[in-house]
Amino acid sequence: MRLPRILACTFAGLLLVIAAIVLIAPSMTVRLLAERAAAWSGVGVSGLETLEVSLTDARISGGPLSFGQGAGEPARIGRFQANLDGSRLLSGRLVFEDLSLADADLKLSVDAEGRPILNGIPLASSAGQEKPTPEEETAGGTGSTIPAIAIRHATIERARIEYSRSPGQALPLTIDRLSLDDLSPETPDLPARFELIGSAGDARFDYKGEAKVFGQPVDVVLDGGFDNLSIADIEALTGSLGLSRREGRLASSGSHHVTLSGPGNAHVTSTGSVTATGFDLAVPGSIAIRLAQGTFALDAQATSTPDGGVEVSNKAPFDVKGLNVAWSEKGAVDVAAAKLDLDVNALLSPERTVGATLAGSVPLSGLVVAWSETGDVHLDDGTARVDLKLESGPDGAMTIAGPMALAGKSGGIRSGESFRLSYQGIDADFPDARIVLASDGAATVDGKPRATMTGFALDAPGGIQAVSAVIASTSLHVLSPAQGVLVEYAGTLDLNDATKPLDEATRLRLEAMGFDLAGFRYSEEPDLAARLRADIGARARGVRKEGKSKVPFPVRDATLTLAGLDLRLTPTGGVQRLVLDPKTKVVLEGVARGQPHHLSVDLDHVDISDLDPDAPDQLTRADVVAIVNERGRIELDEEVKPFARPPEFVFKGSISDLELPDLSPYAAAAAGLDIESGRFAATGQATGANGKLDGLLKINIQTLDLVPSTEGGDPAADLTGVPVNFAVALLEDSGRRIDVSLPFSGDLSDPEVNDCGVIRTALLGAVRLLVTAPLQGGGKKGGPAGFGPVSFDAGSAVINAEAMQQLGRMAGLLADKPRLRLQVCGRATAADARALGGATPGGAAPPSDEAVSAKMIALAQERGRAALERLGAFAGVKSDQVQQCRPTANPKDAGPPRVEARF
């Protein structure tokens, strides 16, 4: 019995000693117990310079305190104080009536498994550890290694936290003040209240709210906002966002409701606004977003899942200014200002792919979609309507699909230096749009858009303007790589009230004009040159010519088929090469002199190369073969430097079997002459070198009949100096053939003179010379320009030797030109009056004035009859080629007595 008694006394003595120590020196006792507990847990505690413990008041205070685990720098708390619920402490519950911490320096990091670590101390289980039991979860909230603690009131002031998710990337967090009230696991449905003021990097934040952290699910309501939060700081908080460029600042204010239903399961609803300034974000590759300023109203919801997926939706508008979305170094969308009134839904998958839907309207200002330095689509002001689905992969590639529509004011398209399309208003519909932005910067657009434009203008080869235009497509494919663009299109372009300038003074006006495009392919090469390949059909109705011309334009309806068009343009708009398929055809329909007419031109061969105004020393080659109304054939072959000064060229061409009446309406419009009959053939050649023009034109025309198409003038007389029928009659031989050679020359050296004008002037000079060559002497314009009068002796109608010689020359020309018609007109003059009215033999009185006048008229008539009879007596002169006109007698005519001849 002695041993049990000894043990009992010993144990009682130890209790007395411990009780004495606790009661007499509680601070020492707590310090000893804390040090032993820290040693057992592996957490090092040091530097506790001051520690005050009152068991009677259940209060503990002290500081500074350092703690930590591992080799890292320990945490430091400058001062702490805790008032405990003593009755709860004796029952094993840690309840703080009042807790305060101040001047703390901490390091918080997140490891690769997403586990938070405070100065080397893990605050949660890693993924590899055993999952806590439901009882542990209930007791500890979410399975944390820290036991459940109740706090009636707590404050933290001046807490500095160095936060990092990866080595070398730390974000300084500062808690100026955190207050917390009524946090207790015993009342999980009663929310704890908190207020938080502090900073993260350069950003400031200020929040207050309520949180149910011990309930299932965890529920947090948050009101407040932040300012000046950088994208780099966000990435430091959340981890890498996969950005290669990350400039920009955010500010936000609003209300947020966060629900955590388990690890990785979160749901957030937000109302308020977010302001973004100076954004410059880029993903690896070429896709980037720049935003000068944006205000995003929040009516949003976000849900995350344990596998890393996130779903976001927002129904409030976005106001943006200075937005630029680039998919390549030169390809981008620029918006000066826009209000995106959209319903947005987005889904971020665990594989870092993003899916989103956007529906609503977007007012736009200053929109520019660029694909190269000289290629873009632009719009000054408009509204887009969208209902789109977006998908984006981790490499930055993106697909956008769904209906789009656009209504706007002035805008257009430009491509290179050679193509400009503009409009004053547009209403476009793109019901099946599909846009793919590849990671390498290439953009692809597919679909079947339709657009109506007002104030349409096309400034390109074959430019035209129209009051309105309607574009309807059966297919559209646009590919924009890092440089250049490719467009493949099939559809129609219909123009109403169209205008095409011909020169400064005249233009064509069309009631309607349409284009049918098949196999259309337009591409810009990497050097920014362009190539167009297509089968194009064009049609026009109600064509008329406006300007100075008084002659009605002969075309009312027209069709054009450009088959196999292959047009290659230089970067500055020159023609590198133009080739057409033999099926290319032009058909013109119109009315001339009240009668319908038809003209078709088949372009059997067209090949033009190197026509560039920026390369004046470059030699342009042109090879053209055309068939007119299935019979006439035109061949042109030319090598020319058209932009050199002076121009240089070598030209050869031929025309065969061309029925001229087919061209009558166009000759009437151009030269004021109708062609009644005639078949035309010609060969020609010309050279321009060293400023000199030399050429030869050989013409063969059969049975040509021309008449002026308008009253009051003969345009041929203005050009050649003789009436048109007289000129033709002079040129024809006895078989009614015109077979002539026209050499011509001119001076091309004057830089102010148009070379076409020089050639035209030289040809007209050659024609005048040819026409007037059979005539000799000088005559009056419009009269017998080459023949002078047939002179007679005063008072006589006898043909003298000189008159006989003159009549002989006329007869020779009449015999050689059977279509020439000559009028002979007797004239009695003052010399005749004196001869007829002089003294008579035997001293008889002179005749009276009436008698002299009668004799003068008779004399003039007799002279005409004498010339008529003498001309008719020459061999080869037909009786219907010469006729006598009305004689005249004028006693005041100082000219010689004569017979005048006119054709």
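E157 and R177 form a salt bridge (a side-chain nitrogen of Lys or Arg within 4 Å of a carboxyl oxygen of Asp or Glu), their closest N and O atoms lying 3.0 Å apart. This pair links distant parts of the chain, with E157 in strand β9 (residues 150-166) and R177 in strand β10 (residues 169-183), 20 residues apart; helices (H or I, at least four residues) and strands (E, at least two) are DSSP runs, numbered from the N terminus. The model is predicted, and local features need pLDDT of at least 70, side-chain atom pairs count only at pLDDT 80 or more, and totals for chains, interfaces and linings use all residues. Residues are numbered from 1 along each chain as its sequence is written, and side-chain values use heavy atoms, with hydrogens and water left out.

By the salt-bridge rule the count comes to 36, and the table gives three of these pairs.

| Pair | N to O distance |
|---|---|
| E157 and R177 | 3.0 Å |
| R631 and E659 | 3.7 Å |
| D832 and R863 | 2.6 Å |

D832 and R863 form a salt bridge, and because D832 lies in helix α11 (residues 830-836) and R863 in helix α12 (residues 849-873), the pair ties together parts that are 31 residues apart in sequence. Buried means under 20% relative accessible area, exposed over 50%, and partly exposed in between (1.4 Å probe, protein chains only). D832 is buried at 0%, and R863 is likewise buried at 0%, whereas E157 is partly exposed at 27% and R177 is partly exposed at 34%.

Elsewhere, salt bridges that share partners join D497, R507, R509, R544 and E546 into one network.
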